[in-house]
Amino acid sequence: MNIENTTILTAKRKITTSQMVLCALFTALTAVGAFIQIPVPFMDYFTLQFLFVTLAGMILGSRLGSIAIGTYVLMGLLGIPIFAAGGGIQYIFRPSFGYLIGFILTALFVGLLCENFKNATLKHYLTAAYIGMFITYAIGFAYKYFMLNFYMHEPTAIWAVITASLPLDIPGDALLCVLASLLAVRICKALKRLGI
């Protein structure tokens with residue numbers, strides 16, 4: 001690799017001020033999303049975290065999106081109470097921690113998909129969002145199953161782990177995929193006009 005190619009690669013990987021601001025914004029929005037709890041009659045509530053995680057991948061791309069969400073998870077693990085149930089390194093022992101790992105990979109893969117779309121439409125964003133949702137839940141279910149059965153010694157079938165999310169979480173996040181896609185179409189066009 002010659003000096004010219006190295007310079008181009010470094011320039012591409014350099015994060016601009018506007019990108020840093022957007023990363024910080026999505027880190028903050030994901031934290032706020034944990035505390036926006038929408039109650040559902042006769043059920044529990046769900047949060048808006050998945051909305052901001054998906055948007056981070058769509059708008060920031062794979063690298064910056066995963067940095068933004070990874071920063072959120074790291075801050076929570078360092079003890080800042082920005083997770084839905086607090087914070088701290090002990091959070092890794094909660095069965096629900098797998099969803100946070102899934103969030104990072106969701107932002108990464110949604111970003112990768114959106115980067116490969118030319119003139120992305122609502123259909124493209126929806127496809128990426130639903131793939132991201134599958135990633136979040138696949139990791140979340142696997143982690144929860146492992147923690148319940150092998151760490152907490154509470155024998156639980158995988159179907160029980162999955163069906164626990166059916167009445168509220170999965171339908172709710174499926175709707176958030178639609179909302180994220182609608183927002184992404186508008187926001188990405190606006191950012192392009194601004195040259196960001």
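**View 1. The largest pocket and the residues around its centre.** The largest pocket of this predicted model has a volume of about 860 Å³, and 28 residues line it. Of these, the residues that lie nearest the centre of the pocket are Thr47, Ala84, Ser96, Tyr99 and Asp169. Two or more lining residues are given by each of strand 2 (45–47), helix 3 (49–77), helix 4 (97–115), helix 5 and helix 7. When the lining of the largest pocket is divided by class, 18 of its residues are nonpolar, while five are polar and five are charged.

**View 2. The second largest pocket and its lining.** The second largest pocket has a volume of about 470 Å³, and its lining is made of 20 residues, among which Met58, Ile59, Gly61, Cys188 and Lys192 are the closest to the pocket centre. At least two lining residues come from each of helix 2 (17–35), helix 3, helix 4 and helix 7. Helix 3 provides the largest share of this lining, with five residues. In terms of residue class, the lining of the second largest pocket holds 12 nonpolar residues, together with five polar and three charged ones.

**View 3. Pro81 in the loop between helix 3 and helix 4.** This view turns to a loop residue, Pro81, whose place in the chain is between helix 3 and helix 4. Pro81 has a relative accessible area of 55%, and since a residue is called exposed when this value is over 50%, Pro81 is classed as exposed. Although Pro81 and Ala31 are 50 residues apart along the chain, a separation of 9.1 Å is found between their C-alpha atoms in the model.

How values were computed. Residues are numbered from 1 along each chain as its sequence is written. This is a predicted model: local features need pLDDT of at least 70, side-chain atom pairs count only at pLDDT 80 or more; totals for chains, interfaces and linings use all residues. Side-chain values use heavy atoms; hydrogens and water are left out. On a 1 Å grid over the protein atoms alone, a cavity is a set of points where a 1.4 Å probe fits but cannot get out, and a pocket is an open set with protein on both sides within 12 Å along at least five of seven lines; lining residues have an atom within 4 Å of a point. Grid points are joined across faces, edges and corners, and a volume is the space filled by probe spheres set on the points. Helices (H or I, at least four residues) and strands (E, at least two) are DSSP runs, numbered from the N terminus. Ala, Val, Leu, Ile, Met, Phe, Trp, Tyr, Cys and Pro count as nonpolar, Asp, Glu, Lys and Arg as charged, and the others, Gly among them, as polar. Buried means under 20% relative accessible area, exposed over 50%, partly exposed in between (1.4 Å probe, protein chains only).
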